[in-house]
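Some notes follow on the charged pairs and on one helix contact. They are meant to be read with the coordinates open.

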Amino acid sequence: MLLDHAETVGDPLCGGFLSWRTLQQLQALGVDPFQLGGHRITHLRLFSAGRTATTSLPQVACGLSRHALDSALRAAALDAGAQMAFDHITAVEQGVARGKKHDWRSETLFLASGKHDLRGAARPRRTADPALGLRLRLAPTRQRAEMLGDHIELHLFAGGYVGMVLQEDGTANLCLALRKSALTRAGGSPHNLLAELAARDPAMAARLGDDWAQARIETIGAVPYGWIAEETADGLYRIGDQAAVIPSLAGEGIGIALASGQQAASYWLELGPAGAARFQRAFAQKARRPVQVARVARGLAESPLGGLLAIFATERIPATIHALARMSRIETAPTAIPATNSH
Ligand SMILES: Cc1cc2nc3c(=O)[nH]c(=O)nc-3n(C[C@H](O)[C@H](O)[C@H](O)COP(=O)(O)OP(=O)(O)OC[C@H]3O[C@@H](n4cnc5c(N)ncnc54)[C@H](O)[C@@H]3O)c2cc1C
């Protein structure tokens, strides 16, 4: 039983870039992002302090909207026999997800509410300078298509970055992940921040064009980047962002969501509700390396010196960027369940 509060598939802010590892996972599930019109992405272009550098990605990646991806995944789940119901879940307790319409009872719950925390399973969010996400969808234009082409672009600035990639309908997905302090410095206004970035950098100004101010800006607050669930309650499998939140710079959050879902399913098939704690520990171990590598990359990218270092490495020693890109991918094969485990 798949429960979601949204009857119609929206276009969530987070996503838009599918790594090569995520593509392989999706294709193995029978969902081919390229058949959905996904845009081939073969290169990374970095911008920092007026400098730019380009390198190839280790393998082909894809630009696809979350609307297209989530619609296809929902259809695949229904085709595979899942049932779907709609309710806004407010809390989880042992054996029950409390919704606004019903209490949904089951000896096993898979918690996959992404950024949204539920009562009874909330993640700690203690940080002096929380991470925010902003997104604009920019209309298709010939200039943007030519500038972005088959590149994922990361424009680094003090306290955050702007990511840009073309989507299946020719729109450009422009996503900012930044510290609250960086927004505060721009007077707390996303419009001011983008206008300042455009004033400082002609490349950003060219990509924003003269129509960006009409685009709707969506925001998400207090993203707990770096958080990993080490333990869980009986019968509660935490998956996706509820299992591990990788800094978005890595473009691997959807890969982690898919890998955790598959691993949770294999543990549940073998061990039932009692397997939740073992699953959570095993997945935490698997997620640790990619999440830590992405944290280091994020820390570097947010500082002006780190930004210059990233440009230098991309130009002169691209093997380091390729290594970072590989090390921030999630291992997809479900971890073997120790032979001593039983129901
Ligand atoms: C700014 C930003 C940019 C990102 N860009 C990328 C990227 O380009 N590529 C990438 O791979 N990752 C990216 N990520 C990370 C990625 O979006 C997440 O890791 C991924 O979406 C997690 O998937 P999920 O299934 O756990 O949660 P979600 O994708 O958030 O899905 C949660 C689902 O739960 C439902 N739901 C939520 N609350 C409730 C409730 N109370 N009751 C019922 N239903 C509920 C929602 O409707 C939704 O369907 C980005 C993250 C951020 C913050």
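**Notes on salt bridges and a helix pair**

1. The model is predicted. In it, Arg135 is buried, because its relative accessible area is 2%, and buried means under 20%. Its side chain meets that of Asp11 in a salt bridge, with 3.6 Å from N to O. The two residues lie in distant parts of the chain, 124 residues apart: Asp11 is in the loop between β1 (2–4) and β2 (17–18), and Arg135 is in strand β10 (residues 131–138). Asp11 has 23% relative accessibility and therefore counts as partly exposed.

2. A search of the whole structure gives 20 salt bridges. Side chains of opposite charge can pair when their charged atoms come close.

3. Which residue forms a salt bridge with Arg45? The partner is Glu153, and the closest N and O atoms are 2.7 Å apart.

4. Another salt bridge joins the side chains of Arg288 and Glu230, at 2.7 Å from N to O. Arg288 sits in helix α8 (residues 276–301), while Glu230 is in the loop between β14 (218–223) and β15 (236–238); the pair is 58 residues apart and links distant parts of the chain. Arg288 counts as partly exposed because its relative accessibility is 29%. Glu230 is likewise partly exposed, with a relative accessible area of 39%.

5. The remaining point concerns two helices. The axes of α9 (residues 304–316) and α10 (residues 318–327) come within 5 Å and cross at roughly 110°. On the α9 side the contact is made by Ala310, Ala313, Thr314, Glu315 and Arg316, and on the α10 side by Pro318, Thr320 and Ile321. By class, this contact has 4 nonpolar, 2 polar and 2 charged residues.

Notes: Residues are numbered from 1 along each chain as its sequence is written. This is a predicted model: local features need pLDDT of at least 70, side-chain atom pairs count only at pLDDT 80 or more; totals for chains, interfaces and linings use all residues. Side-chain values use heavy atoms; hydrogens and water are left out. Axes are lines fitted to C-alpha atoms, for helices over the stretch in contact, and angles run from 0 to 180 degrees between N-to-C directions. Helices (H or I, at least four residues) and strands (E, at least two) are DSSP runs, numbered from the N terminus. Contact means heavy atoms within 4.5 Å. Ala, Val, Leu, Ile, Met, Phe, Trp, Tyr, Cys and Pro count as nonpolar, Asp, Glu, Lys and Arg as charged, and the others, Gly among them, as polar. A salt bridge is a side-chain nitrogen of Lys or Arg within 4 Å of a carboxyl oxygen of Asp or Glu. Buried means under 20% relative accessible area, exposed over 50%, partly exposed in between (1.4 Å probe, protein chains only).
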